[in-house]
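Hi there,

Here is the model I promised to pass along.

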2 protein chains.
Amino acid sequence: MRPVAEHAAAVAALLGPTAAETATLADARGRVLAEDLVAPHPLPPFANSAMDGYAVRSADLAATPVALPVAADVPAGRTDGPPLAPGTAHRIMTGAALPEGADAVVQVEWTDGGTEQVRVEQAVDAGQNVRGAGEDVTAGQVVLTAGTLLGPAQIGLAAAIGAGTLRVRRRPRVLVLSTGSELVAPGEPLRHGQIHESNGPMLAAAVDEAGGRGELLRFVPDDVEQFTRTLDDALAARADDPVDLVLTSGGVSAGAYEVVKDAFTGRGVTFSKVAMQPGMPQGAGHHRGPTGEVAVVTLPGNPVSSLVSFEVFVRPVLRAAFGHPQPERPRVRARLAEALSSPAGRQQFRRGRIDAVAGTVAPVGAAGSHLLAALAHADCLFVVDAQVTRVEAGESVEVWLLDG
Amino acid sequence: MRPVAEHAAAVAALLGPTAAETATLADARGRVLAEDLVAPHPLPPFANSAMDGYAVRSADLAATPVALPVAADVPAGRTDGPPLAPGTAHRIMTGAALPEGADAVVQVEWTDGGTEQVRVEQAVDAGQNVRGAGEDVTAGQVVLTAGTLLGPAQIGLAAAIGAGTLRVRRRPRVLVLSTGSELVAPGEPLRHGQIHESNGPMLAAAVDEAGGRGELLRFVPDDVEQFTRTLDDALAARADDPVDLVLTSGGVSAGAYEVVKDAFTGRGVTFSKVAMQPGMPQGAGHHRGPTGEVAVVTLPGNPVSSLVSFEVFVRPVLRAAFGHPQPERPRVRARLAEALSSPAGRQQFRRGRIDAVAGTVAPVGAAGSHLLAALAHADCLFVVDAQVTRVEAGESVEVWLLDG
């Protein structure tokens, strides 16, 4: 069987970095800068007042209290403020440009607040309550480097230096297909032998959560010709904003009706038994569609296998593709709350709940790959290495935090 | 001055829980269940095969090898599978309904794979390779409780029990207004005395990141009448999907032109000096708009003050409003990497970078509330209590993780 790391490398090789595109500030959140962002002007752009008060020459306040005529009024945003004549003051608001000739601001609380003439009670030093031009950022400075993840503060900084749009990496577009004649859309009634399709909505949500753009294409029956036609039609319809990855679930095991395997085998996709539990049957490669080659990853059909395989193989690769600085889930170590056994030769990924305070992880549900309810109550996966068949309570295991 | 906790409580009192609404599975991710989700049918809905192989009566395999006629073929999704007659086998695929009369499945690997007649090499126990109906979920079981945050696994489980839509809490809608005649939209040229508007895009992104729906309304000049008219027009235009919170920045300090303060004072909003740095001037209350009362929080205008105030007062309340189980940022303790001083009587929120391995936090940039570049390079805030004026290197401080 193929080691997990080997299949992970095969999936990683499928997706290169996504292209750069221009995004509005509103659309840039959660994305990654494609280019260094350079400030065209300093920040603050001009020396300005840090207080509401009076712009003065500090030398004029050598002896206090002192009364000065108020020669001008400088609200924030005034673009034509006159210079300050010696022996006078300008009333000035926070953020307003410091008048030429002024070297300090007296806060209003140290004055009588006069509008014709102001009585200043306390002296200020040169530079006091003044924010110098370029104190935050100098002109030409790289304020954010390529590869920076854009959150609120980074978007605020970009706006402050005047960037109305940003060059960011494209979110990978993923077409999610579920196969299986037994599948019925949620909300529709079931007949005996049918089940509600859960992998598609689950994987599309997982793609979105990773930062990609998941789109669910339902439902593809168990027929190779129809499968291929449906896929190619979907790819052709998206030629203007092409699909980066086709993600299938189901149709890859040893049965007689394995549409995904039958459609892709010998045509660019390699199918392997991977030494893991859940998730043994895996495939990765390319499909030559009507708009060129597109990456394909085929996940197993059991819901737990499918989502665990997504976590192990697909999520880190999708995030790396758009440049996310933390492609992998946060990993910690914790002590196992109860003993468990694991099949020889298979790396086991169990669902768990972590107690960060106690430093322990407890299994949630059994190992069965159809136990979706347990998966939905887990907040982590933990890993039992391939060569390990038994882990005792208290032994340390690697834990992947699913909400990180 | 008003303690931070007191102002936080005032803001928390403004926003009640948002209403429940119906969302598609694709729109439910990151939202919170408004009602318990009950399974209308068991999961699996029927006993089915865990393997590709042959459905048998285990008693028929008492002596192996044994040859059995293959009486039927049961692919997954077959809704009319016949009962299994004694002494026969049905070829069966993973997930297909177990025929009436069968009690086990022999995996194909233990057989010769015959389609007319199958030779079985190894016996199976009753129940082997069979997933019982209801093994995962029983009919009537509450599979997810009200208040559950919906990620991929929860959406998968909801789909599996047939839920095509979910009752979730409405994302709070937040109208973000920036005030100030000095503000120019990013992308537009500056004149002397003007700055690019950064708070609006930053706060709208922060609202979205918290799970709300931020909408930026730009630009409101420094005029009370125009401010109120613009706000009321915007609220009236959104009457069908009403605004839960108006979030302003700027216009609340001690200056002569404080449009937010002038518009709201004595009309439902209380302005306070809060004992914190940055972010002293704060306001909270209600505005009686054309469609009824709407909650108002007024943040200070300096970008760092504005975002820190959002983190301290608004983010946890927004998240609690739509039921998020973790409204607050993850908080840890770390040792300060270098000594710093803090003003007496003010709870200081400094920007930092945490080194989780070393257990230390280093300040990023000075305390100044206009230093946006430092904020954009921080990954945490750390707190210096109001009564503390000096913290030595190595002392422990509370850290709020901004990427958590």
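Some ground rules before the rest. This is a predicted model, in which local features need pLDDT of at least 70 and side-chain atom pairs count only at pLDDT 80 or more, while totals for chains, interfaces and linings use all residues. Residues are numbered from 1 along each chain as its sequence is written, chains are lettered from A and ligands numbered from 1 in the order in which they are written, and side-chain values use heavy atoms, with hydrogens and water left out.

**The sheet in chain A**

The pair above belongs to strand S5 (residues 66-74) and strand S6 (residues 89-92) of chain A, which run parallel and are joined by 4 bridges. (Helices, H or I with at least four residues, and strands, E with at least two, are DSSP runs numbered from the N terminus; two strands pair if DSSP finds at least two bridges between them.) Both strands sit in an open sheet of 5 strands with mixed pairing, in the order S7-S4-S6-S5-S8. Its edges are strand S7 (104-107) and strand S8 (117-120) of chain A, each pairing on one side only. On average, neighbouring strands of this sheet are turned by 40° against each other, direction ignored. (Axes are lines fitted to C-alpha atoms, for helices over the stretch in contact, and angles run from 0 to 180 degrees between N-to-C directions.)

**The sheet in chain B**

Chain B has an open sheet of 5 strands too, with mixed pairing and the order S7-S4-S6-S5-S8. Strand S7 (104-107) and strand S8 (117-120) of chain B are its edge strands, and the twist averages 40° from one strand to the next. Here strand S4 (residues 53-56) of chain B pairs with S7(B) in the antiparallel sense, over 4 bridges. Within S7(B), B:Val105 stands opposite B:Ala55.

**Where the chains meet**

How many residues does each chain bring to the contact? Chain A gives 72 residues and chain B gives 72 residues, where contact means heavy atoms within 4.5 Å. Together the two chains bury about 5600 Å², 63% of it on carbon and sulfur atoms. (Buried area is the accessible area, with a 1.4 Å probe, that two parts lose on being put together, summed over both.) Between chain B and chain A, 18 residue pairs are in polar contact, both residues at pLDDT 80 or more. (A polar contact is a pair of N or O atoms within 3.5 Å; within protein, one must be able to donate a hydrogen and the other to accept it, and residues adjacent in sequence count only if both atoms are side-chain atoms.) On the side of chain B that touches chain A, the elements that each supply at least two residues include strand S10 (142-144) and helix H4 (199-210). The largest share of that side, 8 residues, comes from H3(B).

**Backbone details to check**

The peptide bond from A:Thr64 to A:Pro65 is cis, with omega near -5°, and A:Pro65 lies in the loop between strand S4 (53-56) and S5 of chain A. In chain B, a cis peptide bond joins B:Leu43 and B:Pro44, with omega about -10°.

Best wishes
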